[in-house]
Amino acid sequence: MRDAAPRYQQPVLSTRQLVCVEQLRREALAAELVIGICLRNQAKHLPGALQSAMAQSAVREGRGVVLILDDSSSDEWQQAIADWLGHPQLVIVRAVCGSAARARNALLDFVDQTLPKAQWVARLDADDRFAADNALAALAAAGSQADADYILGSNHLALAGEYLPVSNIARAEILTDRNKLLSFIEGFCLHGQEQELPSCNLLLRTRSGIRYPDVPSAEDHWLVAEVLCLHPERGCIVSEPVYAIYSLGGPTTQQNRRSAQWATQRTRLAAAARRWVMYLASGEEILGVGQEGIVWRNERHVIKHFYDWSLTGSQAQQIERLLAGRAGPVPAVAWSQHEDGSVSCRYPWFDSRPLPEVLSTRQVLSYLQRLHQAGYVTSNIKRSNMRLTPHGELVYIDIGKDIVPFSPSRFMDAAARLYSIGVLGNSDHELARRQSSARQHEALSEALPGFPLFYRQLVESLYPHCRLENYQPLVFPQRTESQVSLLIKTCAQDADSVMAQVGHLCAQLTYPARFRRIILLIDTFPGPFLRQYAAGDLARVRQAACALQQQGVIDEVWEAPDDAATIAATYQQWFGRMDITASHSTAGAPLFAQLWAFGRVETPFVLQCDVDVLVGRRDVNHDFLADMVQALAEPATVGVGFNIAQAETGFKPYAGAPGQYAPEIRFGLLHLPRLKALSPLPNSASQGKFELMWHRSVQQKLAASGGCAVRGGDSRSFYVHPQNRDKQNSVFGQWRDLIAQGREPSAQKGQWELDPQAGWSYPPRSEALVFLLKGRNTGYPLLRRCIESLARQTDQRFGIIVIDDGSAFADTWFLPALLGEMWPRSTLIRHQQRQGYIPNFIFAVEQICDRPETLIVTLDLDDALMSSSVAGRLLALADTGADVVHGVMFRPDKPLQLYQPDYVSPRQKGGGNVWTHLRGFRKSLFEALPKSYLQTEAGWVDDVTDYAMMLPLCEMARQPVFIDDLFCYYHQRAAYSPERKQAQHVLLHSLFNRSAAAWPKTAAPASDTA
């Protein structure tokens, strides 16, 4: 829906897309002989070749068919053979191969898989012809009689339709004698000899496993030279009748002769053949040859001797370092360099067997897991390069340049290839890099059924900490203080804050023990209020109370009655007088509502507090409630005050002489039976109202009776009381957040009342690397996953900023504990109301981070880091001057999608993937960014903010870096609605059409080094 990046033809790992144009007829299914013609844009020559093939006696007699494989032609060759289309003995298949070798292998695979009666596949180039009508039948008969796997015939040569006087006769006395064969190969490869190997005149037995090597030129000579040198006993040489007429003027032939590869491959073939013959003459047991070298074994080892051009000494050292000390799927290898400069390696011989047609999914997974653990990739995945141990373990035996350092893109390539052959049972040649306009994930999703889910499960098995099912929801402890209720007192003037404050108190006070009941007491007094700071709005308080109860934050809502009879009866119980019916004291302080509630509480203990108190927890595991209940074990103790912020850490014993302290009216634990036993409490009256508040009456009675209220406790849990004049301060939410975290300023310690001038601020971050974590309503399992991924980092020299943008207190109170040992270098910012992505970013970068060279990396709270090396790599890049950094992102909903940032003109490329996670930038770079790039006419950009921010930052960056060799970032999100996608499309279109950002003329670029 958004402006997509333009598509280009590029190499993509994809299948051959091999498909038969029409349903196979019975003639094809019954055919014993198949003439295979591979073509690409050869409409001019194809009719002659096809006419020649159809004239073969085997075809005329119904024993053979002609199979044309079209490798992505664009010349409408079908029109050139229109008269033959529909012929029962003509089979046409289409494929995307990309080279002659791949096309020929595709044709061979098609025959093996779909033509059950076929015994031989005969090659005929589209610009060649058969030399005799019985050539196919004669060669096939000779090969069958010899029980051969391959047949070589002779050919005449033609140029511009005229026969040349020299023919290429297949002579057994030369081709089956290794020394003569070597001289023959060197003659045409090195010395200009016109007669070449008769490689075009080849018949292969079906299901023999013989395939062309995947080289850009001379693939037929490589194949024929190999089978003649190593397996002469499997072949049959037929000199007459001459098999074909080979055209030297064909477009493919002429193009090959003009290419540098044509000469290079012949030079290499001659050198390789000499080495083959040398080792064969030595009597060594040859295991195989390839494009890198020859492999043989002795009693104890398997040895591979590399060709001079295929591996240098320095390249061997790189592979040696890559494999050193790593227990992966490659055997332990020892290296040697010979006097001639060539390189060989060896590994111990082990009992093994070839790979079967298919493997178990477990075997495939195990191999790839070991590959990842070892930190390298075996990129040339095919059956001949692997063995299976007696224990069912896969071993990679193709030691060479195809063993490369690990990267996620290479790893996915290897996984796809092994899945293709091991799970789906495809041909080794099915997957290859071919030119395509398809994206890599599109090609693999279409080509390999089930692979996206397989690959997701594979990657998640490598990083199990990213799997959300490994994290259970937060479960409160089973211990409940069955004898204690929590009573929160509020009134009509708390309408603006009651929702937030009750949420704050309940989140801060209900761990590690729960109360039997949580009660919100509403004093319905309409005002005026003592030290009034806001107009009373009882309706809004009731509405908030209802919402809190529905959300399960509180258990009950009590409203104090206002009838005179109930007030008088309550005062009779507590003060022994029935003549007073005023709910408040002479000073205007609330009195009746609290005493009435004390009479209704069913538990013997009540922790009662004003709704405006701010609770701090330095350690959420501190069981403050157990401490306070234990303090009430003393028979004379009536109340225990909740501690205040202390300058000294540790536990201060609870103490209080009779009458020394009043029970804490703002915040304290009361022993209700003992409190009630003190009645009647002393209290004088004036003008129909009591003069003392209830706690002062209790204090007087305690002085006379010998009872006491105590203070003290553990400094890990405390409270601060804000004065009414400060409750509407714009930074009140910041005060509450800092107190809740136990991060009140030093000047606040030792004080009951909140000091607005104490120096309140969030801790700054000065580390070279800072992770910025952001989210809202994230949920405990996701939060834990995110933070655990940081704790797993090997290099812990980073800071953390966590911004929660408006979640409920119940969803964030545990964050300090969750951060664990990282808490001292973390800054936690929790907003009561959502502020928005961009304002939060600006605040974190410009206000919290205080070093211009700091590298700030975003990590959404619902995502996670993958590799434990991410932080270390980022720190290294910070040291070397990177000003923008990206890292590999994995999305479980799109497991095959590779996101590689393109820093050149990203607006013209659909964003160029610069939006993707992992992403980071220097503080100095962000501060130089004109903020207009982050705004629209409506204000701050509030969606696709990753594009809005990273597009201009990448345009301004001097040294952007992409970490492409680690799985860095696990990005998991819910699907967007169609409406949101449409809105994003409109906004993205606007962003892509903005001008590129540049450094302001008044700003200097960031320093290149940290």
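**Helix packing in a predicted model**

Tutor: Helices α13 and α14 are roughly antiparallel to each other. The model is a predicted one.

Student: Why are α13 and α14 called roughly antiparallel?

Tutor: Their axes, 10 Å apart, pack at an angle of about 160 degrees. Angles over 145 degrees count as roughly antiparallel, so the term applies to α13 and α14. The crossing of α13 past α14 is right-handed.

Student: Which residues make this contact?

Tutor: From α13, the residues T361, V364, Y367, L368, L371 and H372 meet F411, A414, A415, L418, G422 and V423 of α14. By class, 9 are nonpolar and 3 polar, with no charged residues.

Student: How do you know that the length of α13 agrees with its number of residues?

Tutor: At 1.5 Å a residue, the 14 residues of α13 (361–374) should span 20 Å. The C-alpha atoms at its ends are 20 Å apart, and therefore the two values agree.

Student: What follows α13?

Tutor: G375 comes next, with a positive phi near 85 degrees.

Student: What makes α8 roughly antiparallel to α11?

Tutor: The axes of α8 (residues 178–190) and α11 (residues 260–281) come within 9 Å and cross at roughly 165 degrees. The cut-off is over 145 degrees, so α8 is roughly antiparallel to α11. Here α8 passes α11 in a left-handed crossing. Among the contact residues are L182 and I185 of α8 and A270 and V277 of α11. The residues of this contact comprise 10 nonpolar, 2 polar and 4 charged.

How values were computed: Residues are numbered from 1 along each chain as its sequence is written. This is a predicted model: local features need pLDDT of at least 70, side-chain atom pairs count only at pLDDT 80 or more; totals for chains, interfaces and linings use all residues. Side-chain values use heavy atoms; hydrogens and water are left out. Axes are lines fitted to C-alpha atoms, for helices over the stretch in contact, and angles run from 0 to 180 degrees between N-to-C directions. Helices (H or I, at least four residues) and strands (E, at least two) are DSSP runs, numbered from the N terminus. Angles under 35 degrees count as roughly parallel, over 145 as roughly antiparallel, 65 to 115 as roughly perpendicular and the rest as oblique. A crossing is left-handed if the near helix is turned anticlockwise from the far one by less than a right angle, and right-handed if clockwise. Contact means heavy atoms within 4.5 Å. Ala, Val, Leu, Ile, Met, Phe, Trp, Tyr, Cys and Pro count as nonpolar, Asp, Glu, Lys and Arg as charged, and the others, Gly among them, as polar. The expected span of a helix is 1.5 Å times one less than its number of residues.
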